[in-house]
Amino acid sequence: MDLKSNEPFWLIKNGLIQSFPSLMEDKTCDVLIVGGGITGSLIAHQCIKDGYNTILIDKREIANGSTSATTSMLQYEIDIPLYKLSEMIGDEGAIASYKACSDSIDTIEDIVKQIHTRAGYKKKKSLYFAARKKDVQWLQKEFEARRNAGFDVKWLSADSILKQYGIEKTFGGIISAQGASIDAFMLVHKILAYNQKKGLQIYDRTELKEVKSGKTFNEVILNTEATIKAKKIIYCTGYESTNMIKENFVKLISTYAIVSEAKPEKYKKFNNLLVWNTEDPYIYLRTTDDGRILIGGEDEAFRDPEKRDSLITDKEQKLLHSFQKYLPLTEFQSDFAWAGTFGTTKDGLPYIGEHKDFLNTYFVLGFGGNGITFSVVGMEMVSSWLKGKKHKLTEWFRFHR
């Protein structure tokens, strides 16, 4: 098969799972969720569970934003190493953030079971290897920090990595017991279908155009000229939130990914493994549930869609070169290639909480390489706030920190 596509693999693989109407009549609700990707679907799941009258809207088709382009590696590791994050914000906040992400992987497994789907979910180990000899010293420091914090980690030598996984040209690395992968596009649709039966109202092609804030509710005006009166608005809009919030709080990055042809037998030894390394930008690798290998990376510090997409062919070749460098004996016939945009923050942590410029509103913005696990944390944080309770991570994930 010699098909190349600039559409993300998940859209092609899954096709049109389900469709939703646009909102053409006025509504009232307890909670309005803006954004129908993985974050919005998780927040909606929790809001329905907690008994709130909930509406979810998206200006696109559901899950056709960043969720369609994610590589869906579920890791507790944050882009900033634990030992560095401890130096930045203290041990308490750093360890709590890492542990919350670790717990999130188990929460996703619970959700998958609850809604009676797999959506490509599979528990896996995570290998973080040194790509350069000079990285070994700090990576071993990171290993000690994780072990001392109670994470299930082991140090593997370069020889052990080669023997177990066939990965060459490493200088050793950390193997973590906690990790997983999923088809996030499919998971969104499964979560929403489950909660639609429980009363969740879902509208796509429905764009928020204006918000009139009151003391106890917000009136939202839509592109369809319908309105929604909501006690709370929760924005799950990812990097597009930069169009709403004035300050410069996130750096937008373009990233690239390729997926091989399906060869389940050839890639079997990687089925239980996530791989990433210490290069800057790092590369990452996983298998898919239909027996392909996905490799991503080659990040660029810009978001311009035309410029980003014009580089796909070149980036595909560079990713292939990286694959051949580390796995020269493993066949890889490229099948799909695409690009996406994501955000990075100064400390690798998300922005989840209130913002002084928006009344009756929360933002859940799971920036970083493990944004899905941050979204799960956001689900739990929002649930606490809506009940008038505090959450221990509020201080570290807030705006203006």
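This is a predicted model: local features need pLDDT of at least 70, side-chain atom pairs count only at pLDDT 80 or more; totals for chains, interfaces and linings use all residues.

Residues are numbered from 1 along each chain as its sequence is written, and side-chain values use heavy atoms, with hydrogens and water left out.

Okay, domains. There's domain 1 (9-69 + 185-248 + 349-397), domain 2 (125-178) and domain 3 (251-344); those bounds come from an automatic or database domain assignment. Between the C-alpha centres of domain 1 and domain 2 you have 37 Å.

Now the second largest pocket. On a 1 Å grid over the protein atoms alone, a pocket is an open set of points with protein on both sides within 12 Å along at least five of seven lines; a cavity is a set where a 1.4 Å probe fits but cannot get out; and lining residues have an atom within 4 Å of a point. Volume here is the space filled by probe spheres set on the points, with grid points joined across faces, edges and corners.

So where does this pocket sit? Domain 2 and domain 3 both give residues to its lining, so the pocket lies between them. It holds about 610 Å³. Its lining has 24 residues, and nearest the centre are Asp79, Glu279, Asp280, Pro281 and Tyr282. By class that's 10 nonpolar, six polar and eight charged, where Ala, Val, Leu, Ile, Met, Phe, Trp, Tyr, Cys and Pro count as nonpolar, Asp, Glu, Lys and Arg as charged, and the others, Gly among them, as polar.

On to the largest cavity, with about 70 Å³ of space. Its lining includes Phe129, Trp276 and Tyr326, and splits into 10 nonpolar, one polar and no charged. Helix H9 (312-326) gives the most, three residues. Helices (H or I, at least four residues) and strands (E, at least two) are DSSP runs, by the way, numbered from the N terminus.

Last up, helices H2 (residues 38-49) and H10 (residues 371-386): their axes come within 9 Å and cross at roughly 35°. Axes are lines fitted to C-alpha atoms, for helices over the stretch in contact, with angles from 0 to 180 degrees between N-to-C directions. The contact (heavy atoms within 4.5 Å) includes Leu42 of H2 and Met379 of H10. Its residues come out as nine nonpolar, five polar and no charged.
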